[in-house]
Amino acid sequence: MLPRIVITPGEPAGIGPDLCVQIAQQSFPCEIVLVCDPELLRARAQKLGLPLQVEIFDPQKTAAVVAGTIKVVPAKLHRPVSCGKLDSANAAYVLDTLRIAVAGCMSGTFAALVTGPVHKGIINDAGIAFSGHTEFLAELTHAPQPVMMLTAPGLRVA
């Protein structure tokens with residue numbers, strides 16, 4: 001069985017959806033699944049001039065990523081998105097994508113989670129107390145001592 005990696009694109013007005021469309025242009029020896037609004041991806045693909053076929057994720061079927069196709073667990077935006085224009089109405093959407101992805105990891109549906117960049121300020125502007133991915137993921141997983149670690153060849157920072 002291929003490893004299954006889930007990705008949350010992060011802030012819908014930011015670069016995360018663009019990166020996900022670009023990821024979908026490549027083949028991978030694993031299954032990549034996005035948690036996001038399929039229409040957001042289609043709109044970004046069109047803006048980028050890139051082909052994209054969106055398929056709804058079926059956990060009973062596993063297949064490697066085929067260039068130009070991406071599997072999605074649908075999550076609905078709360079308001080339409082304009083690139084680069086933050087909207088606090090979509091803050092709950094951003095957190096919902098993380099909750100769905102973490103639940104999938106905790107249940108064993110996904111082997112790993114990759115998160116796109118979020119905008120802490122716009123989430124806080126929506127009236128949601130949010131200090132960042134690390135603390136939010138720790139809360140969802142009941143981790144007693146969360147630590148963020150960044151790695152590069154010859155370097156690890158925690």
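**Close-ups of a predicted model**

**View 1. The buried side of helix α1.** Look along α1 (residues 16-23) and you'll find that G16, P17, D18, C20 and V21 are its buried residues. This is a predicted model. The cover over these α1 residues includes β1, β2 and α2 (38-48).

View 2. Five strands make up an open sheet in the order β3-β4-β2-β1-β5, and the pairing is parallel. At the edges stand β3 (53-56) and β5 (112-115); each has just a single partner strand, so one side of each is left without a neighbour in the sheet. On average, neighbouring strands here are turned by 35 degrees against each other, direction ignored.

**View 3. Where β1 meets β2.** Zoom in on two strands of the sheet: β1 (residues 4-8) pairs with β2 (residues 31-36) in the parallel sense, over 4 bridges. Across from R4 you'll see E31, which sits in β2.

View 4. The model has 2 aromatic pairs. One of them is F57 with F110, a tilted pair with 5.6 Å centre to centre and 35 degrees between the planes. F57 sits in the loop between β3 and β4 (69-74), while F110 sits in the loop between α3 (91-107) and β5, so the pair ties together parts that are 53 residues apart in sequence. Why does F57 count as buried? Its relative accessible area is 12%, and buried means under 20%. F110 is buried too, at 5% relative accessibility.

Conventions: Residues numbered from 1 in each chain as written. Predicted model: local features only at pLDDT ≥ 70, side-chain atom pairs only at ≥ 80, totals over all residues. Heavy atoms only, no water. Pairing = 2+ DSSP bridges. Axes fitted to C-alpha atoms, helices over the stretch in contact; angles between N-to-C directions. Buried < 20%, exposed > 50% of the residue type's maximum accessible area, 1.4 Å probe, protein only. Contact = heavy atoms within 4.5 Å. Phe/Tyr/Trp six-rings, centres within 6.5 Å; stacked < 30°, edge-to-face > 60°.
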